[in-house]
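Please look over the model below with these notes beside you. They take the ligand surroundings, the domains, the core and a sheet in turn.

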Amino acid sequence: MSEFQVQKNELATHRIVETPLPKAGAGEIVARIERFAFTANNITYGVTGDRLGYWQFFPPGGDNGGTWGLLPVWGVADVVESNVDEVPVGDRLFGYFPPATTLKITPVGVTDQRLIDGATHRKSLPPPYNSYRRVYAEPGYDNAMDNERMLLYPLYITSFSLWDYLLDNDWYDAQQIVIVSASSKTSIGLAFALHADSKAPPVTGITSARNVDFVTSLGHYDQTLSYDELGDIDASLPTTIVDMSGNREVLGKLHARLGDNMKRTLNVGLTHWEEQHAGEGFIAERSHLFFAPSHIQQRLKEWGPRGFEQRSTEFMIKAALASRAWLHLERLQGLEGLAGVYADVCAGRTAPYKGLIVEL
Ligand SMILES: NC(=O)c1ccc[n+]([C@@H]2O[C@H](COP(=O)([O-])OP(=O)(O)OC[C@H]3O[C@@H](n4cnc5c(N)ncnc54)[C@H](OP(=O)(O)O)[C@@H]3O)[C@@H](O)[C@H]2O)c1
């Protein structure tokens with residue numbers, strides 16, 4: 001089997017490694033990964049790999065000396081070997097995979113709808129990442145939707161969670177919401193949700209100068225500014241910031257400009273992962289991390305799995321349909337195809353309307 005490995009401490013460095021094909025032992029299955037999506041989110045898994053445990057999901061094979069790792073991806077896979085009666089060969093799974101051709105899974109908690117990988121090394125990791133959907137059990141499952149699903153699901157479920165969280169907190173008394181790194185898909189999903197909510201405050205998107213026209217054309221943001229135009233933010237309004245960039249210099253400038261009107265900053269992403277030095281003016285005491293899997297776990301408890309699924313699915317379908325107006329899926333052949341665009345994804349050079357799908 002093949003794996004796309006990256007240097008854990010130098011994420012831009014990558015290699016493709018051949019490793020022995022796994023064999024299913026007792027209570028195990030082997031799944032052949034068919035395709036997966038790749039965005040800045042996958043790079044962020046690497047940036048936070050040590051802190052949040054992302055390197056632990058899929059230990060790399062081959063001679064890696066502990067310095068190489070596998071960035072998790074979202075994709076679909078077919079079961080090709082099984083020692084688990086409830087999960088036959090031919091079953092199809094949607095979920096969290098390594099950027100590799102094969103994954104061995106230890107199914108536990110198997111229902112018609114899903115299974116959990118109970119492998120020991122994954123037990124302490126956030127539960128939503130260990131759950132796999134058995135897609136053939138879904139009414140009306142259509143594999144033509146797999147590409148959009150693997151690309152948008154992990155990002156738009158975060159957009160939905162952010163909208164739900166902001167609403168639940170009365171927008172932190174803000175009269176405007178500022179979304180930083182506005183061209184990212186997670187941001188676009190949130191802007192879509194806020195735009196559709198007549199009670200939500202107006203939304204300003206901040207993006208790179210080269211992405212301003214694209215972000216404006218979406219029609220989800222009330223105003224779009226570039227990183228060079230932060231001085232045009234209306235500082236007289238109480239403001240909540242949702243940050244996908246992790247760029248402390250930008251946040252520092254925004255916080256300094258808004259002062260007491262900076263009501264709250266949600267630190268969500270790290271698209272600008274190479275710009276993480278401390279920013280003067282950054283107000284740490286009114287900033288906090290937002291981690292979608294934790295919010296989802298809380299809502300699952302409060303609403304129950306069905307309640308959560310109903311509410312989130314309704315949003316996901318609407319948001320995915322709206323994305324068709326701008327999203328261009330780009331299919332890449334094999335892990336070599338990923339290797340060909342990887343440097344651009346790392347550096348943020350991929351056009352924001354592209355959705356990269358790696359076909360194995
Ligand atoms: N906390 C959570 O639970 C959670 C959940 C899901 C996603 N996220 C995070 O949200 C962020 C967005 O993910 P995504 O997959 O939606 O992103 P994406 O669609 O791939 O975003 C691409 C955009 O990110 C910016 N960017 C990417 N790499 C860059 C670089 N090296 N330098 C400068 N700008 C760069 C650019 O936007 P601009 O020009 O507009 O800045 C670019 O157009 C990620 O950090 C992801 O991990 C967090």
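1. The shell around the ligand holds 11 nonpolar, 16 polar and 2 charged residues. Here Ala, Val, Leu, Ile, Met, Phe, Trp, Tyr, Cys and Pro count as nonpolar, Asp, Glu, Lys and Arg as charged, and the others, Gly among them, as polar. This is a predicted model: local features need pLDDT of at least 70, side-chain atom pairs count only at pLDDT 80 or more, and totals for chains, interfaces and linings use all residues. Residues are numbered from 1 along each chain as its sequence is written.

2. Which residues come nearest to the ligand? They are T39, T44, S184, G269 and G348, of 29 residues around the ligand. A residue is near a molecule if its C-beta atom, placed from the backbone, lies within 6 Å of it. The elements giving two or more residues to this shell are α1 (40–47), α3 (146–168) and α4 (185–196). α1 has the largest share, 3 residues. Helices (H or I, at least four residues) and strands (E, at least two) are DSSP runs, numbered from the N terminus.

3. Why does the shell lie between two domains? Domain 1 (2–141 + 327–359) and domain 2 (153–293) both give residues to the shell, so it lies between them. The domain bounds come from an automatic or database assignment.

4. The centres of domain 1 and domain 2, taken over C-alpha atoms, are 29 Å apart. Their contact takes 14 residues from domain 1 and 13 residues from domain 2. Contact requires C-beta atoms, placed from the backbone, within 7 Å. On the domain 1 side, α1 gives the largest share, 5 residues. That side divides into 9 nonpolar, 5 polar and no charged residues.

5. The largest nonpolar core has 91 residues. Such a core is a set of buried Ala, Val, Leu, Ile, Met, Phe, Trp, Tyr and Cys residues joined through C-beta atoms within 7 Å; buried means 20 or more other C-beta atoms within 10 Å of a residue's own, with C-beta atoms placed from the backbone. α3 gives the most to this core, 10 residues.

6. F36 is among the core residues with the most contacts inside it. Leaving out residues up to four places away in sequence, F36 touches V73, W74, G75, F97, P99, M150 and V358.

7. An open sheet of 3 strands runs in the order β2-β1-β4, with antiparallel pairing. Strands pair if DSSP finds at least two bridges between them. The edge strands are β2 (10–18) and β4 (68–69). Between β1 (residues 2–7) and β2 there are 6 bridges. F4 has I16 in β2 as its bridge partner.

Key. Buried ≥ 20, exposed ≤ 12 C-beta atoms within 10 Å, placed from the backbone. Contact = placed C-beta atoms within 7 Å.
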